[in-house]
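These are my notebook entries on a structure that I examined. Each entry records what I looked up and what I found.

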Amino acid sequence: MIEALQYDFVRNALLAGLLASVACGVIGTYVVVKKIVFMSGGISHASLGGIGIGQFLGINPLLGAFFYTLASAIGMGVVVRRTKLPEDVTIGALWVLGMALGVIFHDLAPGTVPGLPSYLFGDLSLTSSSDLILMAALDAVIILTVSLLYKEFLILSFDEEFGESVGAPMEKSYLVLLCLIALSVVVMVRVMGVILVIALLALPVATGWQFTHSLKKLMLFSILLGLISTTLGIGLWYEFNLASGPAIVLVSIPLFALSFLFARLRRRRVE
Amino acid sequence: MLKEIVRLEDVSVRYDGIVVLEDINLSVYEDDFLGIIGPNGGGKTTLLKTILGLVKPSQGRVSVLGNPPNKARRLMGYVPQYNLFDRDFPLSALEVVLMGRYGQVGLFKRYSREDKKLALNALAEVGMLELKHRQIGSLSGGEQQRIFIARALVAHPQILLLDEPTASIDTPMQAGLYELLSELKRRMAIVLVSHDISAVSIYVDKIACLNRRLFYHGDKELEARELEEAYQCPVDMIAHGVPHRVLREHR
């Protein structure tokens, strides 16, 4: 395993795993405590539209995903907030629209482009250094925004009604949070693929939640657990030539199950 | 002259063409402890939200110390109806109370040491200082309600608005909570809405009855006819701490 580090593509893969873990820990925490996992699933699946459009236009598909995913996140948020359309229907519609556009534009793309499974389930061998730069920049935006809006996101997650009463901009905060989810999707898509992004957004946080009652600690634990899952998953990807997203899920689920059992045992001992 | 804190003039509120509040006239003065009772769906929560400026009246005027409500949010402390947050929500009692300083701190900035001191004072005032580091969901319903009152108090409001504060609490804890409110009323006006007539009427100084329209005479007496009109059914009522049945029984 150690000698694998001499290869650029392995180092890139591990770096991509680290960058994805940061987004997972910080944004995944809000996704889980505010219970918007389904909304986040919609945003991540919709990103396939941007990937297809990127391939069609001959630009970096992650850049295509960046613009398209931001737009569909804002679209979902505005429709859910401002209209009476049912939330699940709205999310579902934009979810399938993104996937349909992704497949169509992928088929229309000129020349040979990587197949869709690479984007559906993650393919670390495609990670380029420009991808890594984009991912690092998005992580920086995520961390900066969360540190500026920490108060607002906390009130938004816990008690919007009270937030409104003290004049906190709840709708704007909600839309900004959805945009940050869109950015995290772009950060994670190389590693996890659009279908499995949600696993890395939710599972490390759900695992970490068994061990702390502090939001900040939960973010740190989740980054750490994300890093453990992605690194082990990347090991499996390298050794056995598995798709990286499924390999990481295979690691994350047992970690979650173990933490759940551990927390139950500890609770029983306390009682 | 007592200071008038809140004034509603001919206020009506419609949602999707349905009239929720109609021609409400109400003045709340600085020493008032007003209980507003009424059936579920009678517009109680909407009335509080209208005073807070979260719901815009379709007609009429709301003023809080002479200002439109959205300019006067800092003068009002709100204790929303008990909401079912996740019992494991990773947040301590102290962090919940700090949220109450939001209006004073504002966008992008962090809570200061001074804010934290004020939050600890507010926790002490509601008798919850020792539980400051406890996770909010691990507290009992009554303890949580005190934390939420502390969160409203920490901004030093001139009026406290409480929505069904006793709904999630067992009876012995309810008495303690009303005693806390009786202490607080020396410093601020209090308006609380509830569907529980008997509990409210023992502690509050004034009672109004709300079912789309407001029945209120600035005192604790309500005529049976008005209650019946508001609830559209016979009601048990306790006045001045002396329980007596004022209306005929349900059949």
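**Entry 1: a loop in chain A.** I located A:Asn241 in the loop between helix H11 (215-240) and helix H12 (244-270) of chain A. Helices (H or I, at least four residues) and strands (E, at least two) are DSSP runs, numbered from the N terminus. The phi of A:Asn241 is near 60°, a positive value in a residue other than glycine. Most residues other than glycine have a negative phi. A:Asn241 counts as exposed because its relative accessibility is 68%; buried means under 20% relative accessible area, exposed over 50%, and partly exposed in between (1.4 Å probe, protein chains only).

**Entry 2: conventions.** I noted that this is a predicted model, in which local features need pLDDT of at least 70 and side-chain atom pairs count only at pLDDT 80 or more, while totals for chains, interfaces and linings use all residues. Residues are numbered from 1 along each chain as its sequence is written, chains are lettered from A and ligands numbered from 1 in the order in which they are written, and side-chain values use heavy atoms, with hydrogens and water left out.

**Entry 3: a loop in chain B.** I then looked up B:Glu164, which is found in the loop between E6 and H6 of chain B. Its phi is near 45°, again positive in a residue other than glycine. Is B:Glu164 buried or exposed? At 4% relative accessibility, B:Glu164 counts as buried.

**Entry 4: helix H6 of chain B.** Helix H6(B) has 14 residues (171-184), which at 1.5 Å a residue should span 20 Å; the end C-alpha atoms are 20 Å apart, so the two agree. The expected span is 1.5 Å times one less than the number of residues. I listed the buried residues of H6(B) as B:Gln174, B:Leu177, B:Tyr178, B:Leu180, B:Leu181 and B:Leu184. They cover an arc of only 155° around the axis, which means that they lie on the same side of H6(B); the arc is that of the directions from the helix axis to the C-beta atoms. Among the elements covering these residues are strand E3 (33-37) and helix H4 (113-125) of chain B.

**Entry 5: a sheet in chain B.** I traced an open sheet of three strands in chain B, with the order E2-E1-E4 and antiparallel pairing. Two strands pair if DSSP finds at least two bridges between them. Strands E2 (18-29) and E4 (59-64) of chain B stand at the edges with a single partner strand each, so one side of each lacks a neighbour in the sheet. Eight bridges join strand E1 (residues 4-15) of chain B to E2(B), and B:Leu8 stands opposite B:Leu26 in E2(B).

Methods: Contact = heavy atoms within 4.5 Å.
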